[in-house]
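Please look through the structure below before reading on.

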Amino acid sequence: LKSEMDKRLVSIKTDLSFLLECLKFQMKCPDLQKQALLTILSICEKREDTVDMLREMGGVAFVYNLSKSSIVHSGVKETALFTLGTLAEANVYCKNSLSRKETFAEVAGWLMKEDIPLTHKRVSVYLLSVLVANNKSGQTLAQTTGCLDILLHLFRYFTILNTLTYIYSKSANATQTYQLWASVSSALCGCVNNPQNEEGQRVCVAAFPVIKIWLQQIALPHTEIFQPICSFIAMTVANNSCVQESFSASGCLDTLSLALVRLASAADTSLLSCQLSVTISKTLSACITDNSFLASGLAQYGVVFHLFFLLASPHLEPEDRLSVLLTLGHCTEASGKTAQ
């Protein structure tokens with residue numbers, strides 16, 4: 001069995017060597033380079049040992065240099081960035097080797113350029129999101145190199161007009177813009193949580209005013225718009241009383257509560273309203289956890305009544321019931337403390 005495994009590893013190493021040679025000597029054939037990168041990806045994806053082999057051969061460093069080369073076709077650069085992100089996701093040593101100031105500075109440069117395709121920006125954000133995920137040093141580098149500020153700018157740039165254009169037109173450009181925004185939202189979540197990063201959370205407070213506008217103006221809520229917004233809110237306020245207070249002071253907590261009341265009222269007849277109510281309920285839970293003052297303030301909107309109404313919805317999934325009950329518990333516990 002060991003002999004068979006050794007043969008397989010030798011075969012994989014031979015294939016990777018051939019593919020790297022193809023990348024090096026086919027600089028004038030972008031289609032061949034892209035195919036070589038995608039083949040490397042298929043060999044290494046979700047295989048930590050194979051990524052180690054590629055890294056030890058200098059393959060990761062070469063792909064990184066390819067991604068930032070000025071003489072490489074833009075499509076090859078995009079594929080190289082996507083390959084790097086996937087390799088880093090599969091192997092922590094690969095992630096650590098890429099978590100350098102130089103890498104984050106390069107990503108910041110790509111995201112600031114206005115003349116590069118949206119697809120290029122999206123794969124740049126994907127790489128960034130992988131490098132900050134579960135990585136304190138990556139989060140710190142995102143802050144010190146300006147990546148976090150750039151992500152926030154891109155996040156806020158997605159105005160209500162962009163939202164409506166995406167919802168109603170679904171044109172190729174609108175879809176790509178939305179996909180970039182959703183990727184940016186995910187990357188921001190990685191910058192501020194898992195592990196929790198209080199400094200990053202404080203920086204993200206700057207997005208609260210525009211979030212309030214979004215929550216007020218999206219007349220026809222869609223899960224693909226609400227989910228990234230609510231995920232960003234939950235990660236930004238989680239276990240941070242100062243940021244929770246800022247969220248409330250910006251008017252976002254009131255707006256979010258009103259959105260829950262509006263949607264939960266229709267949760268018994270509308271599956272979409274029920275699903276969005278659950279999402280908002282989970283978000284509210286993060287906003288008021290361990291903060292009885294904020295939780296008690298929700299009483300003015302009848303949040304407890306609407307959470308009970310949501311629990312009675314025939315559309316409520318069993319696995320969502322617990323999260324609604326948790327939010328309900330935070331609200332009723334706060335009311336009890338206030339009464340005392």
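How do the residues of the lining of the second largest pocket divide into nonpolar, polar and charged? They divide into 5 nonpolar, 6 polar and 1 charged, where Ala, Val, Leu, Ile, Met, Phe, Trp, Tyr, Cys and Pro count as nonpolar, Asp, Glu, Lys and Arg as charged, and the others, Gly among them, as polar. This is a predicted model, in which local features need pLDDT of at least 70 and side-chain atom pairs count only at pLDDT 80 or more, while totals for chains, interfaces and linings use all residues. Residues are numbered from 1 along each chain as its sequence is written, and side-chain values use heavy atoms, with hydrogens and water left out.

The second largest pocket holds about 190 Å³ of space, and its lining includes Leu118, Arg122, Tyr126, Gln179 and Ser186. Helices here are DSSP runs (H or I, at least four residues), numbered from the N terminus. A pocket is an open set of points on a 1 Å grid over the protein atoms alone, where a 1.4 Å probe fits, with protein on both sides within 12 Å along at least five of seven lines, and lining residues have an atom within 4 Å of a point. The volume is the space filled by probe spheres set on the points, which are joined across faces, edges and corners.

The largest pocket holds about 340 Å³ of space. Of its 17 lining residues, Lys121, His153, Leu154, Tyr157 and Leu180 are the closest to its centre. At least two lining residues come from each of α7 (101-112), α8, α10 and α12, and the largest share, 5 residues, comes from α12. By kind, the lining of the largest pocket divides into 10 nonpolar, 4 polar and 3 charged residues.

Rings of Phe, Tyr and Trp (its six-membered ring) pair if their centres lie within 6.5 Å, and planes under 30 degrees apart count as stacked, over 60 as edge-to-face and the rest as tilted. Because their centres are 5.7 Å apart and their planes stand at 15 degrees, Phe155 and Trp181 are stacked. Phe155 and Phe232, by contrast, have centres 4.7 Å apart and planes at 35 degrees, so this pair is tilted; Phe232 lies in helix α15 (residues 223-237), 77 residues from Phe155. Ring pairs link Phe155, Tyr178, Trp181, Trp214 and Phe232 into a cluster. Phe155 counts as buried (under 20% relative accessible area, with exposed over 50% and partly exposed in between, for a 1.4 Å probe and protein chains only), because its relative accessibility is 0%, and Phe232 is likewise buried at 0%.

Some single residues complete the picture. The peptide bond from Asn194 to Pro195 is cis, with omega near 5 degrees, and Pro195 lies in the loop between α12 and α13 (198-203). Asn134, in the loop between α8 (118-132) and α9 (136-144), has a positive phi near 55 degrees although it is not a glycine, and Asn134 is exposed, with a relative accessible area of 64%. Asn239 also has a positive phi of about 55 degrees; Asn239 is found in the loop between α15 and α16 (241-249) and counts as exposed at 58% relative accessibility.
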